[in-house]
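Reader: Could you help me look through this one, starting with how the helices touch and then moving on to the pockets?

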Amino acid sequence: MRVVRLSGLVSAGLLLSLLTAQAQTQTQDPSAGDPRRNQAAKLAGLAGFVNLECPGLRSDPARLKQTVEALGVDAASLETGDLHLIATRYIAAYQKDVAANCRKAEATFGPQGSIIPGLIVPR
């Protein structure tokens with residue numbers, strides 16, 4: 001009987017460890033559990049990057065808000081807190097290759113974009 005009980009304790013301990021690890025991951029990156037929130041932060045980071053680094057381009061704030069809210073994310077939540085920090089990390093990632101990422105932003109999100117047309121527009 002002790003073996004069964006010990007096995008149950010080991011299983012419970014393993015489950016508790018997994019749940020704790022998952023909770024820690026979500027604490028470090030709260031959007032990790034919701035891909036829509038992460039996508040919204042990524043789009044906000046892209047818009048910020050374009051506004052900072054792409055001389056002939058800018059983001060369309062109304063189109064960004066519309067797109068983010070279509071994902072079910074309040075656009076205002078991107079201005080502070082965890083989503084703002086995640087968006088800032090995306091800006092830094094895009095800045096690693098400014099020229100290439102400006103071209104990609106225009107191709108995929110510009111007026112004739114293949115993913116979200118009109119998110120990025122000429123200045």
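Reader: Which residues in α2 meet α4?

Author: In this predicted model, the residues of α2 that take part are Arg37, Asn38, Ala41, Lys42, Ala44, Gly45, Leu46, Gly48, Phe49 and Leu52, and they meet Asp82, Leu83, Ile86, Ala87, Tyr90, Ile91 and Tyr94 in α4. Sorted by class, the contact between α2 and α4 has 11 nonpolar, 3 polar and 3 charged residues.

Reader: And at what angle do α2 and α4 pack?

Author: The angle is about 50°, and the axes of α2 and α4 lie 7 Å apart. The two helices are therefore oblique to each other, and their crossing is right-handed.

Reader: OK, now α5. What is the crossing angle of α2 and α5?

Author: Helix α2, which covers residues 35-53, and helix α5, which covers residues 98-109, cross at roughly 120°, with axes that come within 11 Å. That angle makes α2 oblique to α5.

Reader: Which residues of α2 and α5 meet?

Author: From α2 there are Leu43, Leu46, Phe49, Val50 and Glu53, and from α5 there are Val98, Asn101, Cys102, Ala105 and Phe109. This contact is made up of 8 nonpolar residues, 1 polar and 1 charged.

Reader: Switching to pockets: how many residues line the largest one?

Author: The largest pocket has 14 lining residues, and those nearest its centre are Ala44, Leu64, Ala75, Leu78 and Glu79. Its volume is about 250 Å³, and its lining divides into 8 nonpolar, 4 polar and 2 charged residues.

Reader: What volume does the second largest pocket have, then?

Author: The second largest pocket comes to about 180 Å³. Its lining consists of Gln39, Lys42, Leu43, Leu46, Tyr94, Asn101, Lys104, Ala105, Thr108, Phe109, Ile115 and Ile116. Two or more of these residues come from each of α2 and α5.

Definitions and conventions. Residues are numbered from 1 along each chain as its sequence is written. This is a predicted model: local features need pLDDT of at least 70, side-chain atom pairs count only at pLDDT 80 or more; totals for chains, interfaces and linings use all residues. Side-chain values use heavy atoms; hydrogens and water are left out. Axes are lines fitted to C-alpha atoms, for helices over the stretch in contact, and angles run from 0 to 180 degrees between N-to-C directions. Helices (H or I, at least four residues) and strands (E, at least two) are DSSP runs, numbered from the N terminus. Angles under 35 degrees count as roughly parallel, over 145 as roughly antiparallel, 65 to 115 as roughly perpendicular and the rest as oblique. Contact means heavy atoms within 4.5 Å. Ala, Val, Leu, Ile, Met, Phe, Trp, Tyr, Cys and Pro count as nonpolar, Asp, Glu, Lys and Arg as charged, and the others, Gly among them, as polar. On a 1 Å grid over the protein atoms alone, a cavity is a set of points where a 1.4 Å probe fits but cannot get out, and a pocket is an open set with protein on both sides within 12 Å along at least five of seven lines; lining residues have an atom within 4 Å of a point. Grid points are joined across faces, edges and corners, and a volume is the space filled by probe spheres set on the points. A crossing is left-handed if the near helix is turned anticlockwise from the far one by less than a right angle, and right-handed if clockwise.
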